[in-house]
Amino acid sequence: MYANEIEMYPDIINWLEKRLNEQFGKKSKKIIVLDTHDSDLLNFIINLKYQKYFPEFTTFKIRQDITGFIEYEDKVELVFVECKNGYLTLINLSQLIGYSCIALPILSILIAPQGMGTTLVKLLTSFNRKDILEFRPNRKIQVLKWDFNKKDIDRMNSVI
């Protein structure tokens with residue numbers, strides 16, 4: 001297991017790069033996945049010279065752990081990943097919903113090797129309140145359990 005959240009980032013970045021290349025690689029021009037936990041998203045957008053694709057970028061003073069940038073000829077799509085090294089909570093989900101409502105990523109993922117905590121499991125599975133995962137029409141937070149040994153998601157214990 002990981003000693004802390006930051007130790008997870010290289011494995012998650014590798015997994016996300018592979019997933020994005022499989023899903024978007026044929027149509028996109030370039031895919032970049034970065035550890036973005038230590039600076040605001042707006043700084044990464046400036047460094048990558050993507051300002052023209054995000055008119056509101058100066059308001060992106062948010063710090064998600066990992067960000068994917070999918071570059072096309074005429075646009076750039078964002079992918080957010082928030083990692084936790086503990087059981088996922090409603091607070092974790094609320095943080096990512098807030099970030100996602102601000103910057104509108106095409107994918108938004110909450111992930112932990114421990115999976116969901118009891119309250120989140122109860123809300124999403126027992127009460128089937130998957131509506132709380134939607135931050136825009138057809139855009140939902142994916143709540144994933146990370147399999148440390150396989151270096152992949154545990155689909156049986158995830159809400160995709």
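# Notebook: strands, rings and cysteines

I began with a crossover: strand 3, helix 3 (residues 90-103) and strand 4 make a right-handed β-α-β unit. I took right-handed to mean that, with the strands pointing away from the viewer, the path from the first strand over the helix to the second runs clockwise. Helices (H or I, at least four residues) and strands (E, at least two) are DSSP runs, numbered from the N terminus.

Before going on I noted that this is a predicted model, in which local features need pLDDT of at least 70 and side-chain atom pairs count only at pLDDT 80 or more, while totals for chains, interfaces and linings use all residues. Residues are numbered from 1 along each chain as its sequence is written, and side-chain values use heavy atoms, with hydrogens and water left out.

**Entry on strand 4**

In strand 4 (residues 107-112), 6 of the 6 residues are buried, so the strand is largely enclosed by the rest of the structure. Leu107, Ile109 and Ile111 are buried on one side, and Ser108, Leu110 and Ala112 are buried on the other, which leaves both faces covered.

I then asked which strands pair with strand 4, where pairing requires that DSSP finds at least two bridges between two strands. Strand 3 (residues 76-83) runs parallel to strand 4 and is joined to it by 5 bridges, and within this pairing Phe80 has Ser108 as its bridge partner. Strand 6 also pairs with strand 4 in the parallel sense, over 5 bridges; here Ile109 is partnered by Gln142, and Ile111 by Leu144.

**Entry on strand 3**

Phe80 lies in strand 3 and is buried, with a relative accessible area of 0%. I also checked Phe80 against Leu124, which is 44 residues apart from it along the chain, and found their C-alpha atoms separated by 20 Å.

Glu77 is found in strand 3 as well, and it is buried with a relative accessible area of 13%. Its side chain makes a polar contact with the side chain of Lys75 at 3.3 Å; such a contact is a pair of N or O atoms within 3.5 Å, where within protein one must be able to donate a hydrogen and the other to accept it, and residues adjacent in sequence count only if both atoms are side-chain atoms.

**Entry on the hairpins**

Strand 5 (residues 134-136) and strand 6 run antiparallel and are joined by 2 bridges, with Arg136 standing opposite Arg139. The two strands form a hairpin with 2 residues between them, and Asn138 in the turn has a positive phi of about 65°.

Strand 6 and strand 7 pair in the antiparallel sense over 2 bridges, and Trp146 has Ile153 as its bridge partner. This hairpin has 4 residues between its strands, and Lys151 in the turn has a positive phi of about 55°. Lys151 also lies over the face of Phe148, at 3.6 Å from the ring centre, where a charge sits over a ring if NZ of Lys or CZ of Arg is within 6 Å of the ring centre and within 35 degrees of the ring normal.

**Entry on the aromatic rings**

How many aromatic pairs does the structure hold? I found 5, counting rings of Phe, Tyr and Trp (its six-membered ring) whose centres lie within 6.5 Å, with planes under 30 degrees apart called stacked, over 60 edge-to-face and the rest tilted. One of them is Tyr2 with Phe148, which is edge-to-face at 4.9 Å centre to centre and 85° between the planes. Tyr2 lies in the segment before helix 1 (5-24) and Phe148 in the loop between strand 6 (139-147) and strand 7 (152-153), so this pair ties together parts that are 146 residues apart in sequence. Tyr2 is buried at 8% relative accessible area, whereas Phe148 is partly exposed at 25%.

The rings of Trp15 and Trp146 are also edge-to-face, because their centres are 5.9 Å apart and their planes stand at 75°. This pair links helix 1 with strand 6, 131 residues apart, and both Trp15 and Trp146 are buried.

**Entry on the cysteines**

I looked for disulfides, pairs of cysteine sulfur atoms within 2.5 Å, and the structure holds 0. The sulfur nearest to that of Cys83 belongs to Cys101, 20 Å away. Cys83 is buried, with a relative accessible area of 0%, while Cys101 is partly exposed at 32%.

Note on methods. Buried means under 20% relative accessible area, exposed over 50%, partly exposed in between (1.4 Å probe, protein chains only).
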